[in-house]
Amino acid sequence: MDTIIKTEEFRRVLGKVYRVVPSRPPYPALSGILLEAKNGFAKLTATDLEVGITSYCPVEVKEEGSAVLPGKVLYNLVKSLDSSELEIISLPDGNSEIKGGKSYYKLSSFPPDDFPLFPPPSTEISSISGEKLKEGLMKVYFTASKDENNLPLTGVLFHFEEEGKLSLVASDDHLLSICSIETRKGGGAEYILPLKAIIEIIRLAEGEVKIFPGTGEILFQWANLSLFSRLIEGEYPNYKRVIPQSFITQVSFSKEEFRKSLERVSLVVSPESPIVGLLIGEGKIEISSSGEVGIAKEEVEAEIKGEEIKIFFNARYLLEVLRAFDEEKATLEISGQVTPTRLKGEGESLQYILMPVEIKE
């Protein structure tokens with residue numbers, strides 16, 4: 001291989017793939033980045049076997065070929081070089097040369113045959129706006145469980161429902177998030193993606209994203225980039241059973257006003273038990289808390305339908321969803337003091353289901 005690459009372009013593409021290079025690879029070649037030069041393009045690939053990313057950039061190919069260059073060294077080297085272009089040459093001894101301006105480096109390489117290949121794409125199940133996908137994932141991924149004993153809940157569920165609808169779902173024992181977005185294909189399939197893949201999709205997705213499921217893996221493609229991910233095995237719980245269908249109290253309020261009041265009231269809660277009470281009635285929500293440092297109360301105006309009620313929540317969970325919630329007006333729909341409560345906006349494209357805390361006053 002002998003190829004000439006614009007340094008800035010190479011730096012940009014390396015930045016997209018480098019993050020999935022494992023720090024402790026199961027075998028040496030995985031610590032590298034596969035560079036393939038062919039037909040006027042350089043194809044860069046990195047993977048930790050759970051998530052893999054491939055990206056492309058235009059180059060001048062003097063001789064086609066490939067090399068697996070040490071990922072950390074390559075990334076830091078290209079990030080710091082100030083020459084406008086680089087020449088990368090594979091040597092007969094299996095190493096590689098990098099030349100740029102007054103700089104010369106000879107790097108130890110790994111055999112390209114030792115680098116794993118992604119499975120080829122299967123039939124496309126859906127296509128979706130990358131911006132909408134990122135926005136939807138940001139509203140749910142933080143509620144995924146950290147408990148490795150229940151692997152399906154440690155990821156995000158992609159539930160392709162009826163034609164044109166994708167529900168993104170994440171949950172732990174206390175909080176369930178559901179965000180529904182429009183797609184251009186798909187229906188009746190479910191896939192659980194690990195959080196590492198979700199974070200990379202949020203970081204990189206743009207334009208039109210095409211989705212290709214496989215057996216135990218899934219592939220996302222957009223522009224000049226592909227993201228491969230292993231799927232989490234197991235069955236995701238029937239999340240729709242948790243969504244309450246009837247309510248004794250519905251209360252609507254300014255999301256920002258409520259959030260700011262809740263943040264202030266939460267300053268006095270005990271870190272070990274960050275519980276706040278909501279007394280709902282007479283056109284307002286009274287938010288209260290107490291702890292070793294004192295007590296706090298604030299009132300927020302609200303529109304209320306149904307019964308007056310006092311209900312308790314973990315302030316941390318409630319604040320997390322309010323910070324991800326981007327509508328001006330929010331509605332709490334309460335089915336009981338110790339049964340699931342729904343937080344939503346004007347529609348039902350975004351829903352958070354919270355479990356109240358049982359308190360004996």
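A crossing of two helices is left-handed if the near helix is turned anticlockwise from the far one by less than a right angle, and right-handed if clockwise. This tour uses that term at two stops.

The model is predicted: local features need pLDDT of at least 70 and side-chain atom pairs count only at pLDDT 80 or more, while totals for chains, interfaces and linings use all residues. Residues are numbered from 1 along each chain as its sequence is written, and side-chain values use heavy atoms, with hydrogens and water left out.

**The whole chain**

Start with everything shown as a cartoon. The protein has six helices and 26 strands; these are DSSP runs, numbered from the N terminus, with helices being H or I of at least four residues and strands E of at least two. Its C-alpha trace spans about 80 × 45 × 35 Å along the principal axes.

Of the 361 residues, 52% count as buried. Buried means under 20% relative accessible area, exposed means over 50%, and partly exposed is in between, with a 1.4 Å probe and protein chains only. Among contacts with a separation of 6 or more, 66% are between residues 24 or more positions apart; a contact means heavy atoms within 4.5 Å.

**Stop 1: α3 and α4**

Select residues 130-138, which are helix α3, and residues 195-204, which are helix α4. Their axes come within 9 Å and cross at roughly 135°. Axes here are lines fitted to C-alpha atoms, for helices over the stretch in contact, and angles run from 0 to 180 degrees between N-to-C directions. The two helices are therefore oblique to each other: angles under 35 degrees count as roughly parallel, over 145 as roughly antiparallel, 65 to 115 as roughly perpendicular, and the rest as oblique. The crossing of α3 and α4 is left-handed.

Now show side chains. On α3 the contact is made by L133, K134, L137 and M138, and on α4 by I198, I201, I202 and R203. By class, six of the contact residues are nonpolar, none polar and two charged. In this scheme Ala, Val, Leu, Ile, Met, Phe, Trp, Tyr, Cys and Pro are nonpolar, Asp, Glu, Lys and Arg are charged, and the others, Gly among them, are polar. An α-helix has 3.6 residues a turn, so residues three or four places apart point the same way.

**Stop 2: α1 and α2**

Move to α1 (7-17) and α2 (residues 71-80). These helices pack at an angle of about 140°, with their axes 9 Å apart. That makes α1 oblique to α2, and their crossing is left-handed. From α1 come T7, F10, R11, L14 and G15, and from α2 come L74, Y75, V78 and K79. The contact residues divide into five nonpolar, two polar and two charged.

**Stop 3: aromatic pairs**

How many aromatic pairs does the structure hold? There are seven, a pair being rings of Phe, Tyr or Trp (its six-membered ring) with centres within 6.5 Å; planes under 30 degrees apart count as stacked, over 60 as edge-to-face, and the rest as tilted.

Y18 lies in the loop between α1 and β2 (32-38) and Y75 in α2, so the pair ties together parts 57 residues apart in sequence. Y75 is partly exposed, with a relative accessible area of 22%.

Next select F118 and F228, a stacked pair at 4.8 Å centre to centre with 10° between the planes. F118 is in the loop between β9 (103-107) and β10 (126-129) and F228 in strand β17 (residues 225-230), so this pair ties together parts 110 residues apart in sequence. F118 is partly exposed at 21% relative accessibility, whereas F228 is buried at 3%. Y141, F142 and Y352 form one aromatic cluster.

**Stop 4: α6 and α5**

Select residues 315-324, helix α6, where seven of the ten residues are buried. The buried residues are A315, Y317, L318, L319, V321, L322 and A324. They pack against several elements, including α5, β13 (175-182) and β26 (350-354).

In α5 (residues 255-265), pick S261. This serine is buried at 3% relative accessibility. Leaving out residues up to four places away in sequence, S261 touches I287, E298 and V300.

**Stop 5: G101**

Finish at G101, in the loop between β8 (96-100) and β9. Is G101 buried or exposed? At 75% relative accessibility, G101 counts as exposed. G101 and E135 are 34 residues apart in sequence and 42 Å apart in space, C-alpha to C-alpha.
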